Amino acid sequence: MKKQKLSQGLNCGLGANYFDLLSEEIVFSILDFLGPNPLDRKSFSLVCGSFYAIEARHRRTLKPLRTEHLPKVLTRYQNVTHMDLSLCPRVTDRSLGVIAGACASTLSSIDLSRSKFFSGAGLLSLTVRCANLVELDLSNATELRDGAAATVAEAKNLERLWMGRCKLVTDMGVGCIAVGCRKLKLLSLKWCVGVGDLGVGLVAVKCKDIRTLDLSYLPITDKCLPSILNLQYLEDLVLEGCFGIDDNSLAVLKHGCKSLKVTFDLADSLNKLRMLQSIKLDGCSVTCAGLRAIGDWCGSLRELSLSKCSGVTDGGLSYLVIKQKDLRKLDITCCRKITDVSISHIANSCTALSSLKMELCTLVPREAFVLIGRCHSLEELDLTDNEIDDEGLKSISTCCKLSSLKLGLCLNITDEGLAHVGMCCVGLKELDLYRCAGITDSGILAIARGCPGLEIINLAYCKEITDDSLISLSKCSKLDTIESRGCPHITSSGLAEIAARCKQLTKLDIKKCYKIDDAGMIPLAHFSQNLKQINLSYSSVTDLGLLSLASISCLQSLTILHMKGLSPCGLAASLLACGGLTKVKLHASFKSLLPKPLFEHLEARGCVFQWRDKEFQAELDPKCWKLQLEDVVQ
């Protein structure tokens, strides 16, 4: 009776729509709590007319799949501040013009990484009309030249710019940006191989507010270092793969050399660089003297990356970590000369360490991994291809803040070790068990029970895994990525459980899961509407199963090699029906079986074809595979 009277009162006094009682601010707060699944926001907007309108006014970020719908979409969403076009296979100058016209006063950030077909003309419309633009990502724009880079200089308020792999841009283009974009705080020039000392020097001279500078794989030398080190606000400096720079420029500062003037100028700059918090020297020629110099002169490092630096030894690394006790992130991947001595000093000195990457540190004995458990603040740990065993995992499991744990090719671990991780690391989001031969369904059950927030798991070539593992993992509703290639006991039944319960799944690799067929594709097509990438190679899926995936509008990447159930006609129909494809990997035999106009049509839509001609390969035992890999590396 009370509910009936309340309902009548609301209907009489306020109308039939109860939601009219809520202010727009309250509804905005509700929208802020929605998860990342775009379907949630769509469902919210369909509740009623007022919610539909409020959701449009609330939305600040757009990530469209196709640009042809932009005019209509931007008419509805007029308060967009961030535009992510990385999923659009084709972005033209006209598309950028539409965005510039509709979002001239609101747009502050745009992501064009992986986008194609636009030029300097489209960029100019953005940079001139969008006065509030502070963030621009042009990564992988491999066709852009200096003329297009010069148009970026018109964005006078730009603070963050990514230009990774813009290989045709030279010192001239970067110089224009440096002159025009004086407010830059972050600049990434990774793999801009046309940029040298001159361009980097201009950036250092003109952009005084730079905090982060990524110069990875640039053909620069020591000549540009003095100007870089005069950047008083610099916090992150990345010199990965800069083979023209070695640690002599640091080591000689302490010991002196003939070029005293340059040496002391550089030493004075480094001593003043108290804001520097991150140094990445991946692949550089580093010696013990260089590491000692970093330990002595850098104020208070938070991040150090020495990945693939062959000169790293116990002496240099131990000295450095003792001096730099505030380190939060340390990458010593492929430092094959360090032993338990370094691990002991890291564990005892860097107690606040949150990230440790030490893949392929082959001289570290299994007993040393127990010491890592002392770093209780660890959130990210990469132990790929090491000698860690269950005792080591038991110790590491006491790091209860762990969110990412990579154990690929760790052949000494078993379900017993995973059980400790499952019991203690409740916040785990990523687990890599690639080719861990000792893992079975029991270990995965422990992880699924103890880590309900798991988002990424790699079970590739864990050959004892069955559908029971997938059924267990289906309880982890936030799963985003599953790699289960080479698990021969997995069937369509297990996959159906994942599809039905893990609605946020975006990446799926079921290569060499021979028992997965069309029966597994139907649930995927129905439930997995967020799926963007799938590898079906060597599976038993046929034309019918592949065609069913066309109902997934987000699907962008498709790998289909050695699938006996596919016919040329079925493949052609599927490729045409999947309208959002940006990358397709096919066996070379199909190149002559499909009509050329089909490829031209799909490439015009923005799809890139990658052809493979590998023959069917039988699987090796994990230990044999590891030995074979070591032979290749050596």
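**Burial and salt bridges**

Modeller: Let's start with Arg366, which is partly exposed because its relative accessible area is 34%. Buried means under 20% relative accessible area, exposed over 50%, and partly exposed in between (1.4 Å probe, protein chains only). This is a predicted model, where local features need pLDDT of at least 70, side-chain atom pairs count only at pLDDT 80 or more, and totals for chains, interfaces and linings use all residues. Residues are numbered from 1 along each chain as its sequence is written, and side-chain values use heavy atoms, leaving out hydrogens and water.

Biologist: Which residue does Arg366 meet in a salt bridge?

Modeller: A salt bridge is a side-chain nitrogen of Lys or Arg within 4 Å of a carboxyl oxygen of Asp or Glu. Arg366 pairs with Asp389 at 3.9 Å, N to O. Asp389 counts as buried because its relative accessibility is 15%.

Biologist: How many salt bridges does the rule give?

Modeller: The count comes to 14. Another one joins Arg485 and Asp509 at 2.8 Å, N to O. Arg485 sits in a loop and Asp509 in strand β18 (residues 507-509), so this pair ties together parts 24 residues apart in sequence. Strands (E, at least two residues) and helices (H or I, at least four) are DSSP runs, numbered from the N terminus. Asp509 is buried at 9%, whereas Arg485 is partly exposed at 21%.

Biologist: Why is helix α9 described as largely enclosed?

Modeller: In α9 (residues 171-180), 7 of the 10 residues are buried, so the rest of the structure largely encloses this helix. Among them are Val174 and Ile177.
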